[in-house]
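Let's take a walk through this structure together, one chain first and then the place where two chains meet. Have a look at the picture before reading on.

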Amino acid sequence: MDPLEIARWQFGVTTVYHFIMVPLTIGLGPVVALMQTQWVRTGDEKWLRMTKFWGKLYLINFIMGVATGLVQEFQFGMAWSEYSRFVGDVFGAPLAMEGLLAFFFESVFLGLWIFGWDRLGKKLHLATLWIAVAGSVVSAFFIIVANSWMQHPVGVELIDGRPVMTDIWAVLTNNTALTAYAHTVTGALAVGAGFVVGISWYQLWQRRRDNIDSVDATGRVVVGENASIPGRDRKDHSVWITSIRIGAVIAILGFGGVAITGDLQAKLMFEQQPLKMAAAEGACHDGTSFSVLSIGNLGSENCEDVVAIIEIPGILSFLAHGDFDTNIKGVNTLIPEYQALYGTNLPDDPLYGERAGMEINYLPIMEVTYWGFRLMIGFGMLAAAFAALTLWMVRKGTVPRSKFMMGTALLSIAAPFGANIAGWVFTEMGRQPFVVAPNPTPGGVDGVFMFTAAAVSPGVSGEEMIFSLASLALVYGFLLVFEVKLLVKYVRGGVASAMPELAHPDGEGHDGTGSDPDDPNKPDKRDDVLAFAY
Amino acid sequence: MDLPTLWFIAIAALWIGYLLLEGFDLGVGMLLLFSTRKDRERRLMLNAIGPVWDGNEVWLITAGAATFAAFPFWYASLFSALYIPLTIVLVSLIFRAVAIEYRGKGSTDKWRMWWDRALGLGSLGSAFGIGAALALTTTGLPIDANGDRVGGAFAWFTPYAVLGGLAVVGFSLVHASVFLGLKTDGAVRVRARNFVVRWSPVALLPIVAWVLVVQFQNGTPITWALVVVAVVAVVFGWISARAGREGWAFVGIAAFLVAGASSIFAAVYPVVLPSTIDPAFNLTISNAASGEYTLGVMSVVTAFGLPLVFVYQGWTYWVFRNRLSEKHIPEAHVVKPAVAPASSASASSSSDS
């Protein structure tokens with residue numbers, strides 16, 4: 001068994017999985033914080049309900065991101081020890097900064113938020129959420145800085161064949177990192193917003209299906225209530241209609257941000273990793289045309305079998321340079337250039353194991369880059385289009401009774417997730433055969449690069465890697481079932497699932513009296529039942 | 001003091017901070033395996049660590065990442081050599097974290113029982129694996145000139161690994177009991193105090209043995225002095241626990257850990273990972289460290305970030321300083337679908353408009 005292949009599969013599987021939870025955390029967090037801010041500002045209970053409900057789903061998801069993030073940090077050392085030795089001087093620093101300057105804030109303040117409902121004043125309690133959310137957003141920055149260094153190594157000098165950090169500022173302000181960070185955060189907002197839209201649609205639909213809400217002759221909503229169903233009062237309607245509108249607007253804005261930052265990223269990538277972009281475009285020969293559809297054997301190394309079905313002249317040039325007539329180098333031109341710069345064969349070094357001296361294939365798997373790139377864009381556009389459609393369809397205050405439309409809305413939640421996954425698979429597999437891509441831009445440190453084949457742990461056997469891959473995949477699959485199960489259960493429960501007092505409206509409230517925690521006349525807070533307990 | 005030494009101290013401090021804080025979280029998880037069957041008592045124990053456990057775990061993440069940043073060769077060699085035990089640690093930590101969050105979100109006894117088991121075994125696996133890893137980095141692993149493990153997937157499995165594993169498991173059980181004695185009231189408090197008095201002489205034996213093993217191999221007068229401090233602290237802690245002085249018991253056990261673990265790190269300095277094949281292959285603070293510039297940057301970041309962590313994490317403990325008892329634990333909330341029963345979906349029409 002080849003440890004390298006297994007280690008790559010493991011990194012791919014665990015990272016994609018981790019990045020299902022993470023964008024939802026990053027995207028939903030600010031939305032919940034915004035809702036609680038509105039509650040503190042206006043005192044309208046609608047906002048409190050929104051905070052509690054979306055906050056509950058946020059937490060169910062958050063913990064999975066935390067748990068799977070540990071694997072990410074450990075596996076560099078476990079499976080990629082040569083990589084860790086090579087890049088340690090520069091790559092460990094952003095990871096440590098993430099822990100010290102971001103993740104500590106996120107975890108400690110989220111604990112305060114979860115348990116602090118009746119222990120902290122309203123404004124202080126709101127602040128704990130904002131700090132936790134800021135922690136997650138800053139955390140993403142340091143992780144992207146680390147990843148971007150692998151795409152575009154800067155701020156280092158080669159000493160004894162090893163990159164040694166000389167400029168932390170250059171590492172933190174790496175242009176690749178800044179654009180990738182903006183792209184990632186806006187992409188995460190699209191994920192969080194799409195989640196809110198899909199679930200709010202279901203809730204509005206459920207209210208109509210249960211004949212709680214109806215529409216008048218002009219199609220305008222007539223809000224009702226049903227006291228026998230927990231939480232389905234009149235206020236409940238405003239929770240969902242406000243949520244769905246907020247979600248749709250953020251989804252559209254998020255997509256706009258994703259498109260703008262994606263364009264900036266592509267322009268950088270044409271410079272920094274030209275072969276990745278050429279592979280993403282299926283651009284075999286030099287030219288200016290953008291391929292809308294290409295068929296044939298995209299995996300063929302010399303592009304002989306690739307047939308462009310639909311091409312638009314000028315667009316590729318526009319994507320790369322902002323004009324329509326700059327010639328863009330294709331795969332067939334770039335490969336000899338890479339061979340001239342970085343060699344035709346892997347070095348005869350024991351680090352490469354059986355691969356020592358083998359010919360290097362500089363072309364990433366073109367099916368993956370080509371379709372990954374298109375799926376990313378396609379899913380993103382689909383999600384944004386649905387959000388726009390939603391905004392128009394709910395203009396009269398509710399959603400149609402169509403079960404099919406409701407199903408589509410729930411399904412649309414998956415689209416931004418799909419775009420995120422496709423984008424990461426594209427950019428990570430497009431970097432191959434390098435784990436640290438060379439930096440051919442002027443002023444770059446061009447000697448700093450590392451082949452993935454040299455990065456894996458030399459002392460770890462294929463059997464050990466199989467053991468970890470199988471265990472983690474099994475555990476991840478198992479836990480995903482439970483996460484989705486719980487999310488579905490809490491969604492079906494409506495706001496009452498997060499606010500037990502709505503389920504028992506007549507006295508015997510969950511937290512005793514439901515009194516204001518700020519009330520200074522209260523006898524002794526210490527005897528209260530906890531507002532939240534595991 | 002040179003920067004690698006400073007960073008050796010910083011990483012030792014991060015690991016000690018981790019054991020000091022997460023020790024009682026892991027211990028509470030393990031105690032759930034056997035200490036009580038009453039759900040309300042179990043929830044009381046869990047909620048005693050509820051607001052703080054996640055923040056405590058960040059010490060582990062930061063310790064790992066700081067090792068990567070400051071001593072990449074140590075990080076790479078240790079983590080790859082301990083491939084199997086660290087895989088078990090990861091799976092354990094995942095189950096533990098998810099179990100804490102999910103156990104109360106189901107409505108059946110079976111659901112809670114299985115998540116409690118996941119929580120208990122996850123805590124046990126994490127404590128044992130992390131203990132084994134820490135013991136091995138102080139007693140040595142068969143690593144070659146490149147820092148790679150030789151001798152196969154189970155070359156790490158030595159008496160020292162078992163000793164280290166038992167050391168952290170035993171310490172966590174005692175530490176958690178001292179913590180529960182301090183933070184809870186009622187039957188849980190009484191049981192926790194009795195556990196400390198009866199079992200800590202046994203449960204703390206492995207950690208004492210680990211300390212002594214390292215001291216006999218590398219001890220200096222200073223590190224032996226730390227051992228004396230640790231022994232005094234643990235005796236003081238035990239006497240305080242027996243006298244029902246829970247606050248002092250906690251101080252005693254915490255001081256025991258800090259002094260004992262410090263004596264270990266101080267004794268092995270400047271070696272961070274000894275090679276059991278050839279001392280020439282030892283990883284030390286000089287051949288495993290990052291460059292001066294990186295260590296300098298990390299020092300500035302830590303000098304700014306870590307005191308801040310002390311402040312706000314300390315504040316969390318202040319906010320949740322009150323003892324919890326069973327009366328504070330709310331009824332378990334049963335989540336029901338907010339939909340009309342299938343038959344009456346059309347009957348219960350909108351009330352008014």
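Start at the N terminus of chain B and follow the order of its elements: α-α-α-α-α-α-α-α-α-α-α-β-β-α. Keep in mind that what you're looking at is a predicted model. Counted up, chain B comes to 12 helices and two strands.

Now for the inside of chain B. Of its 353 residues, 60% count as buried. And if you take the contacts in chain B with a separation of 6 or more, 79% of them are between residues 24 or more positions apart.

Next, move over to where chain B meets chain A. The contact takes 80 residues from chain B and 88 residues from chain A. On the chain A side, at least two residues each come from helix H2 (45-79), helix H3 (81-115), strand E2 (162-165), helix H6 (175-209) and helix H14 (462-492). The largest share of that side belongs to H3(A), with 23 residues. As for what the side of chain A that touches chain B is made of, its residues divide into 45 nonpolar, 27 polar and 16 charged.

Note on methods: Residues are numbered from 1 along each chain as its sequence is written. Chains are lettered from A and ligands numbered from 1 in the order in which they are written. This is a predicted model: local features need pLDDT of at least 70, side-chain atom pairs count only at pLDDT 80 or more; totals for chains, interfaces and linings use all residues. Helices (H or I, at least four residues) and strands (E, at least two) are DSSP runs, numbered from the N terminus. A residue is buried if 20 or more other C-beta atoms lie within 10 Å of its own, exposed if 12 or fewer, and partly exposed in between; C-beta atoms are placed from the backbone. Two residues are in contact if their C-beta atoms, placed from the backbone, lie within 7 Å. Ala, Val, Leu, Ile, Met, Phe, Trp, Tyr, Cys and Pro count as nonpolar, Asp, Glu, Lys and Arg as charged, and the others, Gly among them, as polar.
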